[in-house]
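Visitor: Could you walk me through the pockets of this model and how they are defined?
Guide: Gladly, let us look together.
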Amino acid sequence: MNAEMKRKNVLIDCDPGIDDCLALMLALQSPELNVLGITTVCGNVPASQGAKNALKVLKRYGRLDIPVYTGEEHPLKREYISAQDTHGEDGLGDSGIPDVAETVPMQGAVDFLNQTLKDREDVSVIALGPLTNIALALEKKPEAWKRTQAFVSMGGSFKSFGNCSPVAEYNYWCDPDAAAYVYRNLPVKIHMVGLDVTRRIVLRPDLLEYISQISPQEGEFLRKITRFYFDFHWVQEEVLGCVINDPLAVAYLIDPSLCSGIDLYTDIVTEGIALGQSVCDEKGIWKKKPNSHVLTQTDPVRFMHLFLERTAGARDPQLSRVLGQLYPGERFGFSLFAEGREAE
Ligand code: BDR
Ligand code: CA
């Protein structure tokens, strides 16, 4: 990164969760971001378990200086339904990674979010789980949220099908009331990183193999935490590998050119058979000012280039050659054989 480039201060609200952990890994290894804190919410696993998992990732990168706060253990109005069938009882694919002994998570995610936004300028928020913490924080101190630099939420879907019902995505389905509150009240635009784009981001077995070849330690860690997720995807959808939703939200904050989308008004269904569905008013029928930037397109190969570079230390020109081999026929957003291939 250019030394003069300003790092983006970021708060990450999450429910780790296998793909949340991959997202945290990407954020911690990206010089463009300065992670001010991690808050956890009930989602894939209870918030207390998610906080333990966040610490496990921080420890791996020697970043136990980053504070972790446990947040809400229940959705605003509905019964809590975890995603432990997808992520394992421990949220990390039942990988048996031991808890961090050096420190414990703190309590009070909602107040920490508000205080940080109040104290500092230029803070962006990435929400990778249900929006319960965010809704409560926003309700408590709406002024603080006016200062949010950018708000990115992994959740919802525009034209794609759901993953919890025919139309609903898990994060918004788990706490639809919180999601609706945030969409209706957040004073800044929500960048919605929904299933339309995240479904294209698949950690394939051959990519994992590449990671193991160049970085056996990372490869082993990733294999350990994704095995359960791989099996789930095979049984549910006959997908080889696993869809990794959350890292795309982090990558998008790092480099918004990885995705494109449209501004429109979005609301969330809080009752009935479409519970949790994000309804995006593409044609402006409600005549409401757009409250969201809904992502519709992404470039999975460019994403993988960034992800492998940061998480596994992959480097060009080899990285581009490997991606060219694994994604034949894909049009690359960057020069495939750039920087020195000929010189080899
Ligand atoms: C979202 O739900 C969770 O299972 C994942 O961590 C991701 O945030 C995808 O629907
Ligand atoms: Ca998540």
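Guide: What follows is a short talk about pockets and their linings. This is a predicted model, where local features need pLDDT of at least 70, side-chain atom pairs count only at pLDDT 80 or more, and totals for chains, interfaces and linings use all residues. Residues are numbered from 1 along each chain as its sequence is written, and side-chain values use heavy atoms, without hydrogens and water.

Visitor: What makes a space a pocket, and a residue part of its lining?
Guide: On a 1 Å grid over the protein atoms alone, a pocket is an open set of points where a 1.4 Å probe fits, with protein on both sides within 12 Å along at least five of seven lines; lining residues have an atom within 4 Å of a point. The largest pocket has 30 of them, with Thr 86, Asn 163, Cys 164, Tyr 170 and Phe 232 nearest its centre.

Visitor: How much space lies in the largest pocket?
Guide: About 540 Å³, where a volume is the space filled by probe spheres set on grid points joined across faces, edges and corners. The second largest pocket holds about 250 Å³.

Visitor: Which helix gives the most to the lining of the second largest pocket?
Guide: H11, with four residues; H11 also leads in the largest pocket, with five. Helices here are DSSP runs (H or I, at least four residues), numbered from the N terminus.

Conventions. Chains are lettered from A and ligands numbered from 1 in the order in which they are written. Helices (H or I, at least four residues) and strands (E, at least two) are DSSP runs, numbered from the N terminus.
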